[in-house]
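These notebook entries record what I looked up in the structure.

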Amino acid sequence: MAEPVVLITDLRFAWTSGEDVLDIATFRLEAGERLFLRGASGSGKSTLLGIIAGVLEASSGQVNVLGRTLSSLKPAARDRLRADHLGVIFQMFNLVPYLSVVGNVTLPLRFSPKRRAAISGEEDEEARRLLARLGLTDETLLARRVSDLSVGQQQRVAAARALIGGPEIVIADEPTSALDADARDRFIELLSEEARRTGAALLFVSHDASLASHFDRSVDLGEINRVGMTV
(Lines give C-alpha, C1' and ligand atoms only; values in the text may rest on other atoms or scores of the structure.)
Protein backbone atom coordinates (compact mmCIF):
# COMPACT_ATOMS: atom_id res chain seq x y z
CA MET A 1 0.00 0.00 0.00
CA ALA A 2 1.31 3.44 -0.96
CA GLU A 3 2.39 5.81 1.78
CA PRO A 4 -0.28 8.40 2.63
CA VAL A 5 0.47 12.00 1.68
CA VAL A 6 -0.63 13.12 5.16
CA LEU A 7 -0.27 10.93 8.24
CA ILE A 8 -0.98 12.26 11.73
CA THR A 9 -0.49 10.25 14.90
CA ASP A 10 -1.10 11.24 18.53
CA LEU A 11 -1.53 14.89 17.65
CA ARG A 12 -2.18 17.43 20.38
CA PHE A 13 -2.37 21.15 19.91
CA ALA A 14 -3.03 23.98 22.34
CA TRP A 15 -2.62 27.71 22.09
CA THR A 16 0.06 29.01 24.44
CA SER A 17 -2.21 29.81 27.38
CA GLY A 18 -5.09 27.40 26.96
CA GLU A 19 -6.32 23.82 26.97
CA ASP A 20 -6.00 21.47 24.03
CA VAL A 21 -7.86 22.44 20.87
CA LEU A 22 -7.00 19.19 19.09
CA ASP A 23 -6.35 15.70 20.42
CA ILE A 24 -6.32 13.30 17.46
CA ALA A 25 -5.05 9.73 17.65
CA THR A 26 -4.76 9.26 13.89
CA PHE A 27 -5.65 10.94 10.62
CA ARG A 28 -4.52 10.10 7.10
CA LEU A 29 -4.99 11.39 3.58
CA GLU A 30 -4.10 9.00 0.77
CA ALA A 31 -2.39 9.93 -2.48
CA GLY A 32 -4.98 11.02 -5.04
CA GLU A 33 -7.83 10.73 -2.55
CA ARG A 34 -10.70 13.23 -2.38
CA LEU A 35 -11.47 13.50 1.33
CA PHE A 36 -14.28 15.51 2.93
CA LEU A 37 -13.54 16.70 6.47
CA ARG A 38 -16.62 17.91 8.27
CA GLY A 39 -16.57 20.04 11.40
CA ALA A 40 -18.85 22.54 13.08
CA SER A 41 -17.75 26.14 13.50
CA GLY A 42 -15.15 26.34 16.26
CA SER A 43 -14.29 22.64 16.11
CA GLY A 44 -10.63 23.23 15.14
CA LYS A 45 -10.86 22.63 11.37
CA SER A 46 -8.75 25.59 10.35
CA THR A 47 -6.27 24.84 13.13
CA LEU A 48 -5.81 21.31 11.78
CA LEU A 49 -5.29 22.65 8.27
CA GLY A 50 -2.71 25.11 9.59
CA ILE A 51 -0.81 22.22 11.20
CA ILE A 52 -0.88 20.14 8.02
CA ALA A 53 0.33 23.14 6.01
CA GLY A 54 3.19 23.71 8.45
CA VAL A 55 1.95 27.14 9.51
CA LEU A 56 1.24 25.93 13.06
CA GLU A 57 3.35 23.49 15.08
CA ALA A 58 1.77 20.63 16.98
CA SER A 59 2.24 20.64 20.75
CA SER A 60 3.02 16.92 20.57
CA GLY A 61 2.62 13.94 18.28
CA GLN A 62 3.80 13.42 14.74
CA VAL A 63 2.68 15.07 11.51
CA ASN A 64 4.07 13.63 8.28
CA VAL A 65 3.41 15.35 4.96
CA LEU A 66 4.70 13.65 1.81
CA GLY A 67 7.02 11.52 3.91
CA ARG A 68 8.51 14.43 5.82
CA THR A 69 8.10 14.84 9.57
CA LEU A 70 7.21 18.49 10.01
CA SER A 71 8.65 18.81 13.51
CA SER A 72 12.08 17.89 12.13
CA LEU A 73 12.02 20.68 9.55
CA LYS A 74 13.24 24.21 10.11
CA PRO A 75 10.73 27.01 9.34
CA ALA A 76 12.32 27.72 5.94
CA ALA A 77 12.03 24.05 4.98
CA ARG A 78 8.37 23.97 6.00
CA ASP A 79 7.78 27.08 3.90
CA ARG A 80 9.46 25.38 0.93
CA LEU A 81 7.39 22.22 1.38
CA ARG A 82 4.21 24.28 1.42
CA ALA A 83 5.17 26.38 -1.61
CA ASP A 84 6.24 23.39 -3.71
CA HIS A 85 3.68 20.75 -2.80
CA LEU A 86 0.50 22.32 -1.35
CA GLY A 87 -2.20 24.38 -3.00
CA VAL A 88 -4.54 26.10 -0.56
CA ILE A 89 -7.97 27.63 -1.18
CA PHE A 90 -8.57 29.88 1.81
CA GLN A 91 -12.03 30.54 3.21
CA MET A 92 -11.65 34.26 2.49
CA PHE A 93 -9.65 33.50 -0.72
CA ASN A 94 -6.68 35.80 0.23
CA LEU A 95 -6.31 37.10 -3.32
CA VAL A 96 -3.99 40.05 -4.02
CA PRO A 97 -6.37 42.95 -4.84
CA TYR A 98 -4.02 44.97 -7.06
CA LEU A 99 -3.12 42.01 -9.33
CA SER A 100 -5.13 40.89 -12.34
CA VAL A 101 -7.00 37.62 -12.39
CA VAL A 102 -4.21 35.91 -14.34
CA GLY A 103 -1.57 37.52 -12.11
CA ASN A 104 -3.20 36.05 -9.02
CA VAL A 105 -3.32 32.56 -10.53
CA THR A 106 0.35 32.55 -11.53
CA LEU A 107 1.52 34.00 -8.20
CA PRO A 108 2.50 30.61 -6.63
CA LEU A 109 4.93 30.05 -9.51
CA ARG A 110 6.95 33.06 -8.32
CA PHE A 111 7.69 31.24 -5.06
CA SER A 112 8.17 27.69 -6.37
CA PRO A 113 10.62 26.77 -9.15
CA LYS A 114 9.28 23.23 -8.86
CA ARG A 115 5.73 24.25 -9.70
CA ARG A 116 6.98 26.64 -12.37
CA ALA A 117 8.95 23.82 -14.00
CA ALA A 118 5.79 21.69 -14.11
CA ILE A 119 4.25 24.14 -16.60
CA SER A 120 5.02 22.90 -20.12
CA GLY A 121 4.10 26.12 -21.90
CA GLU A 122 3.56 29.74 -20.99
CA GLU A 123 2.51 30.45 -17.42
CA ASP A 124 -0.28 32.81 -18.45
CA GLU A 125 -1.68 30.23 -20.86
CA GLU A 126 -1.78 27.59 -18.14
CA ALA A 127 -3.57 30.08 -15.89
CA ARG A 128 -6.12 30.71 -18.62
CA ARG A 129 -6.60 26.97 -19.15
CA LEU A 130 -7.37 26.43 -15.48
CA LEU A 131 -9.66 29.44 -15.36
CA ALA A 132 -11.51 28.18 -18.43
CA ARG A 133 -11.97 24.78 -16.78
CA LEU A 134 -13.52 26.65 -13.88
CA GLY A 135 -15.82 28.67 -16.14
CA LEU A 136 -13.90 31.96 -16.51
CA THR A 137 -13.11 32.64 -20.17
CA ASP A 138 -13.90 36.33 -20.78
CA GLU A 139 -10.58 38.05 -21.62
CA THR A 140 -11.91 41.39 -20.38
CA LEU A 141 -12.69 39.80 -17.03
CA LEU A 142 -9.28 38.09 -16.85
CA ALA A 143 -7.54 41.45 -17.18
CA ARG A 144 -9.45 43.01 -14.29
CA ARG A 145 -8.23 43.35 -10.74
CA VAL A 146 -9.74 40.59 -8.61
CA SER A 147 -11.31 43.17 -6.30
CA ASP A 148 -13.71 43.96 -9.16
CA LEU A 149 -15.00 40.38 -9.39
CA SER A 150 -18.01 38.75 -7.75
CA VAL A 151 -17.52 36.38 -4.82
CA GLY A 152 -18.17 33.37 -7.03
CA GLN A 153 -15.61 34.57 -9.59
CA GLN A 154 -13.02 35.23 -6.88
CA GLN A 155 -13.57 31.73 -5.57
CA ARG A 156 -12.73 30.24 -8.97
CA VAL A 157 -9.60 32.37 -9.21
CA ALA A 158 -8.52 31.08 -5.79
CA ALA A 159 -9.07 27.50 -6.95
CA ALA A 160 -7.03 28.00 -10.13
CA ARG A 161 -4.23 29.54 -8.04
CA ALA A 162 -4.20 26.50 -5.75
CA LEU A 163 -4.12 24.06 -8.68
CA ILE A 164 -1.47 25.67 -10.88
CA GLY A 165 1.81 23.79 -11.12
CA GLY A 166 0.26 20.48 -10.04
CA PRO A 167 0.77 20.42 -6.24
CA GLU A 168 0.41 16.96 -4.71
CA ILE A 169 -2.07 18.18 -2.08
CA VAL A 170 -4.91 20.67 -2.52
CA ILE A 171 -6.55 21.99 0.66
CA ALA A 172 -9.89 23.80 0.50
CA ASP A 173 -11.07 25.56 3.67
CA GLU A 174 -14.85 26.24 3.52
CA PRO A 175 -14.51 27.67 -0.01
CA THR A 176 -18.19 27.34 -0.99
CA SER A 177 -19.93 28.97 1.98
CA ALA A 178 -20.98 32.04 -0.05
CA LEU A 179 -22.41 30.11 -3.04
CA ASP A 180 -25.88 28.87 -3.83
CA ALA A 181 -26.42 25.10 -4.07
CA ASP A 182 -26.11 24.80 -7.87
CA ALA A 183 -22.95 26.91 -8.10
CA ARG A 184 -21.47 25.11 -5.09
CA ASP A 185 -22.02 21.62 -6.50
CA ARG A 186 -20.64 22.58 -9.91
CA PHE A 187 -17.58 24.14 -8.33
CA ILE A 188 -16.86 21.02 -6.28
CA GLU A 189 -17.15 18.80 -9.34
CA LEU A 190 -14.81 21.01 -11.37
CA LEU A 191 -12.30 21.16 -8.53
CA SER A 192 -12.43 17.38 -8.09
CA GLU A 193 -12.00 16.77 -11.82
CA GLU A 194 -8.93 18.98 -12.04
CA ALA A 195 -7.38 17.42 -8.92
CA ARG A 196 -8.02 13.99 -10.41
CA ARG A 197 -6.39 15.05 -13.69
CA THR A 198 -3.14 15.99 -11.93
CA GLY A 199 -3.29 13.17 -9.38
CA ALA A 200 -3.53 15.60 -6.45
CA ALA A 201 -5.07 14.58 -3.15
CA LEU A 202 -7.95 16.91 -2.25
CA LEU A 203 -8.76 17.73 1.37
CA PHE A 204 -12.04 19.66 1.40
CA VAL A 205 -13.22 21.11 4.71
CA SER A 206 -16.75 22.30 5.47
CA HIS A 207 -19.41 22.39 8.17
CA ASP A 208 -22.02 21.24 5.61
CA ALA A 209 -22.50 17.47 5.88
CA SER A 210 -24.60 17.40 2.69
CA LEU A 211 -21.42 17.83 0.61
CA ALA A 212 -19.97 14.47 1.65
CA SER A 213 -21.47 12.60 -1.32
CA HIS A 214 -19.12 14.44 -3.71
CA PHE A 215 -16.03 12.81 -2.18
CA ASP A 216 -14.35 9.41 -1.91
CA ARG A 217 -14.38 9.41 1.88
CA SER A 218 -15.79 11.50 4.71
CA VAL A 219 -14.37 12.14 8.18
CA ASP A 220 -16.17 13.97 10.97
CA LEU A 221 -13.67 15.98 13.02
CA GLY A 222 -15.96 15.72 16.04
CA GLU A 223 -15.53 11.93 15.96
CA ILE A 224 -11.73 11.90 15.78
CA ASN A 225 -10.94 14.93 17.95
CA ARG A 226 -11.11 13.79 21.56
CA VAL A 227 -11.36 17.40 22.72
CA GLY A 228 -14.85 17.46 21.22
CA MET A 229 -16.32 20.88 20.51
CA THR A 230 -13.84 22.92 22.52
CA VAL A 231 -12.31 25.64 20.37
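I listed the contacts of L142, leaving aside its neighbours within four places in sequence, and found S100, V101, V102, R128, L131, L136 and T137. Contact here means heavy atoms within 4.5 Å. The model is predicted: local features need pLDDT of at least 70, side-chain atom pairs count only at pLDDT 80 or more, and totals for chains, interfaces and linings use all residues. Residues are numbered from 1 along each chain as its sequence is written, and side-chain values use heavy atoms, with hydrogens and water left out.

I then placed L142 in helix α6, residues 139-142. Helices (H or I, at least four residues) and strands (E, at least two) are DSSP runs numbered from the N terminus. L142 has a relative accessible area of 4% and is therefore buried; buried means under 20%, exposed over 50%, and partly exposed in between, with a 1.4 Å probe and protein chains only. I also checked P113, which is 29 residues from L142 along the chain; their C-alpha atoms are separated by 24 Å.

Is R156 buried or exposed? I found R156 buried, because its relative accessible area is 18%. R156 belongs to helix α7, residues 151-163. Apart from neighbours within four places in sequence, R156 is in contact with L131, L134, G135, L136, F187 and L190.

Which residues of helix α2 (residues 75-85) are buried? I noted R78, L81, A83, D84 and H85. I looked up what these buried residues pack against: the strands β4 (60-65), β5 (68-69), β6 (86-89) and β7 (169-173), and the helices α3 (101-111) and α4 (113-117).

I recorded 9 helices and 9 strands. The radius of gyration is 17 Å, close to the 17 Å that the globule rule gives for 231 residues, so the chain is as compact as a globular protein of that length. The radius is taken over C-alpha atoms, and the rule is 2.2 Å times the number of residues to the power 0.38. Along its principal axes the C-alpha trace spans about 50 × 40 × 35 Å. Of the 231 residues, 49% count as buried. Among contacts between residues at least 6 apart in sequence, 74% join residues at least 24 apart.
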